[in-house]
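Here is a set of questions and answers on a predicted model. Each answer works from geometry or accessibility to a value or a name.

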Amino acid sequence: MSILLAATIIFLNVSVSLSILLNKALRNENRFMYMLSTCFSDICTGVSYYYAGVFDVRDSFNSPTRTFYIVPTFLGLSYMAILAAQADRYHAVISPFKYSQRMTRNRTVLVIFCYWVYAFFIVAVHNLVNVGIAKQITSIGTFVGNIFTVIIMIGLNIRLFIIARFQLEREPPSDARENKRSSVYLILVVALFFLSTWLPIFLHIIACNFLNSTCYAFKNEGTDPLRILPRINAALTPVLYIRGCSALRATLRTKVWNPCCRKRGGHV
């Protein structure tokens with residue numbers, strides 16, 4: 001089961017990544033840069049799950065099979081990408097003129113680069129300090145970070161839904177309005193699925209920190225349902241991207257899957 005999930009994550013995210021990279025029009029839109037970032041981190045999640053999910057791995061500080069906090073970081077990067085994409089869509093719809101001036105593609109790439117660097121900076125800190133300090137950083141940072149980011153994500157979801165449902169409906173019909181509405185609805189659905197698969201582990205971590213107690217630990221990563229759910233989300237997210245974006249779907253079919261199928265058929 002873990003092998004199948006890992007293979008599915010890699011296949012779907014590689015397919016979406018190639019579709020974006022092969023289509024210049026998609027690459028020129030900021031929202032697809034966040035999609036690409038999500039896909040890259042989820043590809044790493046899929047590759048790492050061959051190790052973390054298949055073998056007897058517990059990613060704790062004292063475990064001999066730990067991944068030095070690298071594997072959870074890939075999942076965290078997907079989380080940051082979706083949160084950044086929500087904020088991006090909110091800014092784009094609320095202040096389209098200022099957004100077009102401020103958020104060039106280069107600045108969007110810089111934002112993505114910054115949160116990737118930040119994530120691995122935290123990894124470096126965890127591995128350079130002693131175990132006691134690393135546990136304190138994790139407990140405090142995760143507790144506070146989870147509470148605030150979940151509140152922000154839920155708040156942005158509600159605000160984006162109101163915008164999509166009422167504000168955009170008042171605009172005259174046009175391709176620009178439809179593009180805005182479809183992009184807002186897509187990130188709404190992606191964020192909702194994200195929250196539904198991540199909230200159980202968030203609430204578990206928050207409860208453990210709030211009660212200041214040692215929570216129940218499963219035998220390994222591959223048998224822990226709270227850690228399997230975010231990996232399922234890594235397979236669901238590219239499906240939602242494909243389903244919610246016709247341009248991405250067309251590129252995927254014509255430039256990625258059809259050529260691969262023809263080449264494979266030619267070798268048979």
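Q: Does Thr67 count as buried or exposed?
A: Thr67 sits in the loop between α3 and α4. Its relative accessibility is 11%, and the cut-off for burial is under 20%. Thr67 therefore counts as buried.

Q: What distance separates the C-alpha atoms of Thr67 and Ser48?
A: Thr67 belongs to the loop between α3 and α4. Along the chain, Thr67 and Ser48 are 19 residues apart. Their C-alpha atoms are separated by 9.2 Å.

Q: How many of the 23 residues of α3 are buried?
A: Helix α3 covers residues 30-52, and at 1.5 Å a residue it should span 33 Å; the distance of 32 Å between its end C-alpha atoms agrees. The helix is largely enclosed by the rest of the structure, because the number of its residues that are buried is 18.

Q: How far apart are the end C-alpha atoms of helix α6?
A: Helix α6 has 24 residues, 105-128.

Q: Which residues of α6 are buried?
A: An α-helix has 3.6 residues a turn, so residues three or four places apart point the same way. In α6 the buried residues are Thr108, Ile112, Tyr115, Trp116, Ala119, Val123 and His126.

Q: Which residues touch the most other members of the largest nonpolar core?
A: In soluble globular proteins, nonpolar side chains tend to be buried together. The largest nonpolar core here has 51 residues. Elements giving two or more residues to this core include α1, α6 and α10. The residues that touch the most other members are Ile20, Tyr115 and Leu248.

Q: With which residues is Tyr115 in contact, leaving aside its neighbours within four places in sequence?
A: Tyr115 is one of the buried residues of α6. With neighbours within four places set aside, its contacts are Tyr34, Ser37, Leu77, Met80, Ala81 and Ala84.

Q: Which side chain is joined to that of Asn23 by a polar contact of 2.8 Å?
A: Asn23 lies in the loop between α1 and α2, and at 15% relative accessibility it counts as buried. A polar atom of the Asn23 side chain is 3.0 Å from the backbone nitrogen of Ala25. The 2.8 Å contact between side chains is with Thr251.

Q: With which residues is Ser15 in contact, beyond its neighbours within four places in sequence?
A: Ser15 is part of helix α1. At 4% relative accessibility, Ser15 counts as buried. Its contacts beyond those neighbours are Leu252, Val256 and Trp257.

Q: What is the angle between the planes of Phe74 and Phe120?
A: The structure holds 8 aromatic pairs. In the pair of Phe74 and Phe120, the ring centres are 6.0 Å apart and the geometry is edge-to-face. Phe74 lies in helix α4 and Phe120 in helix α6, so the pair ties together parts 46 residues apart in sequence. The angle between the planes is 65 degrees.

Q: Is the pair of Tyr79 and Phe194 stacked or edge-to-face?
A: Tyr79 and Phe194 are both buried. Their ring centres are 5.2 Å apart and their planes are at 10 degrees; planes under 30 degrees apart count as stacked. The pair is therefore stacked.

Terms used
Residues numbered from 1 in each chain as written. Predicted model: local features only at pLDDT ≥ 70, side-chain atom pairs only at ≥ 80, totals over all residues. Heavy atoms only, no water. Helix = DSSP H or I, 4+ residues; strand = E, 2+ residues; numbered from the N terminus. Expected span 1.5 Å × (residues − 1). Buried < 20%, exposed > 50% of the residue type's maximum accessible area, 1.4 Å probe, protein only. Core = buried A, V, L, I, M, F, W, Y, C linked by side-chain atoms within 4.5 Å. Contact = heavy atoms within 4.5 Å. Polar contact = N/O pair within 3.5 Å; in protein donor to acceptor, adjacent residues only side chain to side chain. Phe/Tyr/Trp six-rings, centres within 6.5 Å; stacked < 30°, edge-to-face > 60°.
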